[in-house]
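Subject: Structure for your review

Dear colleague,

Please find below the structure that I am handing over to you. My findings follow directly after it.

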Amino acid sequence: MNGVHDMGGMHDMGPIQYEKNEPVFHELWESRAFAIALAVGAWGKWPIDASRHQKELIPPAEYLRMSYYEKWIAELVELLVKSGLVTAAELESGVPAASSPKAVPQLTADKVSPLIAHGGPASRDVPVVPRFQMGQRVRARNKHPVGHTRLPRYVRAKLGTIDRDHGVFVFPDTNAHFLGEKPQHVYSVRFAASELWGEQAAPRDAVYLDLWDDYLEPA
Amino acid sequence: MNTTRSGSLTATGPATTGGLTHAQDHGHDQGHQTVPSDLTLRVKALESLLVEKGLVDRAALDALIDTYEHKVGPRNGARVIARAWVDPAYKQRLLTNATAAIAELGYSGMQGEHMVVVENTPKLHNLVVCTLCSCYPWPVLGLPPVWYKSSPYRSRAVIDPRGVLCEFGLELPKDVEVRVWDSTAELRYLVLPERPTGSEEALEALVTRDAMIGVAKIAPPGEGSRA
């Protein structure tokens with residue numbers, strides 16, 4: 001979707017505010033929000049692509065106003081309800097519905113280290129023929145899907161070169177919407193900065209994006 | 001797909017007037033938000049509900065927080081970088097299969113499942129960003145700083161990397177190529193900075209988080225740097 005989250009190349013967002021010796025979390029609630037999101041994620045009710053997309057659905061003015069972990073909470077609450085793990089009435093009252101059976105947590109303290117150590121690989125060991133080869137000239141497709149995509153606006157319709165084939169990965173555009181993993185090759189594609197930004201760009205500079213087969217066409 | 005309960009939780013309607021779904025206006029300062037106590041209450045209430053429903057375990061939450069506050073952070077990445085500087089065979093493995101080479105030192109997993117290491121040279125400088133969200137290599141750098149997740153950095157790193165680097169105090173000559181890596185997929189990037197002189201241990205202490213993102217160089221021993 002052409003949302004405000006897709007901000008590569010936008011102007012006037014202000015100076016970068018650097019904090020010396022920044023703590024991992026600034027407030028206790030941030031650390032709890034972070035941990036709750038990971039622990040609920042362990043239920044496997046939605047893929048990370050759906051989490052990302054849910055944040056993109058935060059209305060633009062809110063998205064820009066909210067802090068990072070505020071967005072996490074906003075996203076999590078939506079997905080909890082959509083997935084049926086929690087009902088809107090329970091969120092409202094703050095207590096479990098009388099009828100709801102008590103679950104057994106998926107993630108217990110002893111499983112935290114293995115969870116973190118393994119993560120959730122998005123690569124898939126399936127034979128898929130790559131559509132493009134190293135060094136090949138490609139054009140990023142000029143498409144504007146209303147759903148989730150990882151093809152930023154600033155690169156659409158631009159010419160680039162395949163720099164590396166990363167192998168086969170889950171396709172977020174379908175997976176975020178529970179429409180299947182549609183595994184396909186992901187490439188590192190080099191775009192000259194001048195191709196993206198015109199004359200103002202330094203002539204030697206480049207931007208590399210990791211793009212799926214479906215985002216590209218032969219140039 | 002976004003009709004009834006739009007992300008903010010401030011949505012109007014009878015179902016969102018109180019409890020966990022109640023949010024208030026609060027001050028906002030890009031990158032350094034004033035945190036409303038309201039969020040503390042909301043997150044507390046959400047945690048209680050999820051614990052009561054048996055969906056999350058409090059001890060697991062504590063363990064997760066402890067891990068990212070005390071165990072996983074940029075010192076991991078610093079060890080990787082220092083090893084690469086003193087061990088050419090390791091450096092080669094790191095540049096060809098970063099995930100496996102990083103795992104040799106015991107770092108792996110969540111948000112670092114697919115690692116790529118990019119090397120700086122006197123004529124090439126690499127800079128990492130995620131314009132679409134805030135993707136970051138957790139196993140080697142920990143959780144990202146606020147500025148990395150902020151709109152100013154995400155918007156400008158790709159269109160004006162040299163301007164961004166100047167804000168960080170790094171002015172690069174014109175004959176140095178700047179490569180910006182936008183983390184649009186599940187690959188996570190770590191910059192291998194240029195090597196100063198010193199032993200592996202001394203070198204490790206010199207490696208900063210910022211240099212591994214690419215917004216700084218490594219200061220020579222004794223000069224220090226800001227992160």
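Of the contacts in chain B between residues at least 6 apart in sequence, 62% join residues at least 24 apart. Please bear in mind that this is a predicted model. The secondary structure of chain B amounts to 11 helices and four strands, and 53% of the 227 residues in chain B are buried.

Both chains are divided into domains. In chain B, domain 1 covers 32-71 and domain 2 covers 73-213; the C-alpha centres of these two domains of chain B are 30 Å apart. In chain A, domain 1 covers 28-118 and domain 2 covers 137-218, and their centres, taken over C-alpha atoms, are separated by 29 Å. Where the two domains of chain A meet, six residues of domain 1 are in contact with four residues of domain 2. The side of domain 1 of chain A that touches domain 2 of chain A consists, by class, of two nonpolar, one polar and three charged residues.

I turn next to the contact between the chains. Chain A contributes 88 residues to it and chain B contributes 85 residues. On the side of chain B that touches chain A, at least two residues each come from α1 (37-52), α2 (58-71), α7 (146-149), α8 (151-156), α9 (161-167) and β3 (177-182) of chain B. The largest share of that side, 11 residues, is supplied by α1(B). Sorted by class, the residues on the side of chain B that touches chain A are 38 nonpolar, 28 polar and 19 charged.

Helix α1(B) has a partner in chain A. It packs against helix α1 (residues 28-41) of chain A at an angle of about 30°, and the axes of the two helices are 9 Å apart. The crossing of α1(A) and α1(B) is left-handed. From α1(A), the residues that make the contact are A:W29, A:R32, A:A33, A:I36 and A:V40, while α1(B) provides B:L39, B:T40, B:V43, B:L46, B:E47 and B:L50. By class, this contact of α1(A) with α1(B) has eight nonpolar, one polar and two charged residues.

An open sheet of seven strands, with mixed pairing, runs in the order β5(A)-β1(A)-β2(A)-β3(A)-β4(A)-β3(B)-β2(B). Its edge strands are β5 (216-218) of chain A and β2 of chain B, each of which pairs on one side only. On average, neighbouring strands of this sheet are turned by 35° against each other, direction ignored.

Finally, a word on one residue of chain B. B:P220 belongs to the segment after α11 (209-213) of chain B. Is B:P220 buried or exposed? B:P220 has 12 other C-beta atoms within 10 Å; a residue counts as exposed at 12 or fewer, and B:P220 is therefore exposed. The C-alpha atoms of B:P220 and B:L203 are separated by 9.6 Å, the two residues being 17 residues apart along the chain.

With kind regards

Terms used. Residues numbered from 1 in each chain as written. Chains lettered and ligands numbered in written order. Predicted model: local features only at pLDDT ≥ 70, side-chain atom pairs only at ≥ 80, totals over all residues. Contact = placed C-beta atoms within 7 Å. Nonpolar A, V, L, I, M, F, W, Y, C, P; charged D, E, K, R; others polar. Domains from an automatic or database assignment. Buried ≥ 20, exposed ≤ 12 C-beta atoms within 10 Å, placed from the backbone. Axes fitted to C-alpha atoms, helices over the stretch in contact; angles between N-to-C directions. Left-handed = near helix turned anticlockwise from the far one by under 90°. Pairing = 2+ DSSP bridges.
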